[in-house]
Amino acid sequence: MTLAVSSAVGLAADGSGTPDPYGVPGKWEVAFADEFDADTLDGASWTRCYWWDDNGCTNLSNKELQWYMPANVELTDGYLRLQARPESVVGYKGQMFEYTSGMVTTGRDYEDRKKKDRFSTLYGYFEVRAKIPAGKGLWPAFWLLPSTQKSKPEIDIMETLGHEPGILQMHVHFKDANGDDASKGSKIEADDLSKDFHVYGLEWQQDAIVWYLDGQEQWRFTEKDNISSEPMYMLLNLAVGGNWPGAPDSNTIFPANFTIDYVRVWKRTGK
C-alpha cells in the first residue's frame, strides 16, 4: 500500500519510519499508529463498539438508525472498512434497526469497562487518511471522547454528511461555566471529499485545538477554559440517519464504506 502523503513528509524523529504529521511543523514522537496491514483488527488497540456494547450498540441520543456490528468492520488489502448495510436487526431492548454499520474505538467495551482504555492520551496530534462515502443519511466521523466515559468534552476531528460530501465539519462540545452543554464549530467547503482519500488532522494542546485538511490549517479554537484537559480516546464510525443527517433516501447507495488507510497519533516534543 502506498501512502499518497509519503513524499510530503519525512520520517519521524524517533526513526520509527512513521512519517511526521502531514504539513505540520515541529518535533514529534509517535504515540500510536495502525496501518491496518494485518488480516484482523488488533484487539489490543481497538474494540468495535461503544463501552455499553450488548451484542452491538448504537447512539440513541442522536436517534441514529444503525446497529453497530462486529461483522461490519473489515480489514482487506491494507485498509480498514466500516461498512453500512440495509439489513434489519434486533438491538437495544428488542428495538428493530433497519441498518447495520461498523465502528472502532480505542476505549473499552462492556466487559472491560473498569479497565484502562486501549489507548488514550492528554494532548497530541491525531491523523487519519480516509475516503468517505457519499449519500443521504450517511455520517462518517473521527472523534475523541473522555476516558471518564462521559459524553463531554468531545472533540470532532472530522465529520461529513453524505448529502454534502464537499463540506468538512469540525466541532468541539463542552460544559460551559454554568455546567450546561455548549458547542462551537466551523465548516469549510472543499472538493467532493468522497472522490478520493484525504488526510484529516487535529492538534490538541492546552491553549488551542487546530484542525487540518491535507496538511492545511482549517480552523483554530482558542477558548482555553473550554479546551479539554483530560485524557481522551479515539472513535471512528459510520452512522446512518439521525437528527443531523436525516434518513437515507432511494439514491443512497449501499453497501457504503468508510475506508481508512491509517490512524496515527503523535506527541509534540519541540517546535
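Start at Trp-52: with a relative accessible area of 37%, this residue is partly exposed (between 20% and 50%; buried is under 20%, exposed over 50%, with a 1.4 Å probe and protein chains only). This is a predicted model, where local features need pLDDT of at least 70, side-chain atom pairs count only at pLDDT 80 or more, and totals for chains, interfaces and linings use all residues. Residues are numbered from 1 along each chain as its sequence is written, and side-chain values use heavy atoms, leaving out hydrogens and water.

**Aromatic rings**

Rings of Phe, Tyr and Trp (its six-membered ring) pair if their centres lie within 6.5 Å; planes under 30 degrees apart are stacked, over 60 edge-to-face, the rest tilted. The count comes to 19 aromatic pairs. Trp-51 and Trp-52 form an edge-to-face pair, 5.6 Å centre to centre with 80 degrees between the planes. Now select Tyr-50, Tyr-68 and Trp-143 too: ring pairs link them with Trp-51 and Trp-52 into a cluster.

Move to Trp-204, which is buried at 0% relative accessible area. Tyr-123 is buried as well, at 17%. These two rings, Tyr-123 and Trp-204, pair edge-to-face, at 5.2 Å and 70 degrees. The pair links distant parts of the chain, 81 residues apart: Tyr-123 is in the loop between strands E9 (120-121) and E10, Trp-204 in strand E15. Strands (E, at least two residues) are DSSP runs, numbered from the N terminus.

**Charges over rings**

Select Arg-113 and Tyr-110. The charged end of Arg-113 sits over the Tyr-110 ring, 3.8 Å from its centre (the rule: NZ of Lys or CZ of Arg within 6 Å of the ring centre and within 35 degrees of the ring normal). Next, Arg-264: its charged end sits over the ring of Tyr-262, 3.5 Å from the centre.

Go to Arg-129, in strand E10 (residues 124-131). Is Arg-129 buried or exposed? Arg-129 is buried, at 8%. Its side chain makes a polar contact with the side chain of Asp-261, at 2.5 Å (a pair of N or O atoms within 3.5 Å, one able to donate a hydrogen and the other to accept it; residues adjacent in sequence count only if both atoms are side-chain atoms).

Then pick Lys-195, in the loop between strand E14 (181-189) and strand E15 (198-205). Lys-195 counts as exposed because its relative accessibility is 63%.

**Confidence**

Finish by colouring by pLDDT, the predictor's confidence in each residue, from 0 to 100. The protein's mean is 92, and 94% of residues reach 70 or more. Over residues 1-15, pLDDT stays under 50. Where pLDDT is low, the predicted coordinates should not be read in detail.

Terms used. Helix = DSSP H or I, 4+ residues; strand = E, 2+ residues; numbered from the N terminus. Contact = heavy atoms within 4.5 Å.
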